[in-house]
Amino acid sequence: KKKTRGNSSGRNELALLNLFESKLCTILFRSTFFLNIAECCTMIRLGNVLVNYKPIFCPNFLLQNFDFISFSLYLQKKLKKFIFFRLCFFRYLFGPPAYIEVNFKLCHIVFLKNFFLPHLIRSTFKTKFSLLQGCFNRFK
């Protein structure tokens, strides 16, 4: 008899991508604040990245739903100069994916949901706003 494998390999691939896309260094890179993942990892190891107002030193830290990412004051100044430089000379910013919400003015990121949830891939502003309200209610 032949053993059939079933369709579990597709689910494993999605689970692996979900894990990869919820790592702190990946989210920082996708938010377009940094040019490469190595720069993200360096800033995390130096303690300049805060998750839920606590410094994180591990680049492979797995984010949960509605985690709030901010930066130290030193890194905020550096990032604002970098964003200004990119807007002045290149005249564009890359758009972050739908599963993170980025505030370029305050240098804050909110991780909304895992990557392959279908209702967030093409979400409307109303959906994101209701999710963000739930996030801020969590910190009260």
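In helix α4, the residues Leu75, Gln76, Leu79, Ile83 and Arg86 are buried. Around the helix axis they cover an arc of only 100 degrees, which puts them on the same side of α4. Please keep in mind that this is a predicted model. The points below start with this helix, then move on to the core and the chain as a whole.

**Helix α4**

- Helix α4 takes in residues 73–89, and at 1.5 Å a residue its 17 residues should span 24 Å. Its end C-alpha atoms lie 25 Å apart, which agrees with that expectation.
- What do the buried residues of α4 pack against? Their partners are α3 (37–45), β3 (67–71) and β5 (108–111).
- On the face turned away from the buried side, α4 carries the exposed residues Leu73, Tyr74, Lys77, Lys81, Phe84 and Phe89.

**The largest nonpolar core**

- The largest nonpolar core has 25 residues. Leu24, Leu28, Phe33, Phe34, Ile69, Phe71 and Ile109 are those with the most contacts inside this core.
- Two or more residues of this core come from each of α2 (24–30), α3, β1 (49–51), β3, α4, β4 (100–103) and β5.
- In soluble globular proteins, nonpolar side chains tend to be buried together.
- Which residues does Leu24 touch once its neighbours within four places in sequence are left aside? Leu24 is then in contact with Ile44, Val49, Val51, Ile56, Cys58, Pro59, Phe61, Leu63 and Ile69.

**Strand β5 and Val110**

- Strand β5, one of the elements that α4 packs against through its buried residues, contains Val110.
- Val110 has a relative accessible area of 5%, so this residue counts as buried, the cut-off being under 20%.
- Val110 and Tyr99 are eleven residues apart along the chain, and their C-alpha atoms are separated by 8.7 Å.

**The chain as a whole**

- The chain has six helices and five strands. Starting at the N terminus, its elements follow the order α-α-α-β-β-β-α-β-β-α-α.
- Of the 140 residues in the chain, 39% count as buried.
- Among contacts between residues at least 6 apart in sequence, 56% join residues at least 24 apart.
- The accessible surface of the chain comes to about 9300 Å², and carbon and sulfur atoms account for 62% of that surface.

Terms used. Residues numbered from 1 in each chain as written. Predicted model: local features only at pLDDT ≥ 70, side-chain atom pairs only at ≥ 80, totals over all residues. Heavy atoms only, no water. Helix = DSSP H or I, 4+ residues; strand = E, 2+ residues; numbered from the N terminus. Expected span 1.5 Å × (residues − 1). Buried < 20%, exposed > 50% of the residue type's maximum accessible area, 1.4 Å probe, protein only. Arc of directions from axis to C-beta. Contact = heavy atoms within 4.5 Å. Core = buried A, V, L, I, M, F, W, Y, C linked by side-chain atoms within 4.5 Å. Areas by Shrake-Rupley, 256 points an atom, 1.4 Å probe, with all protein chains shown as cover.
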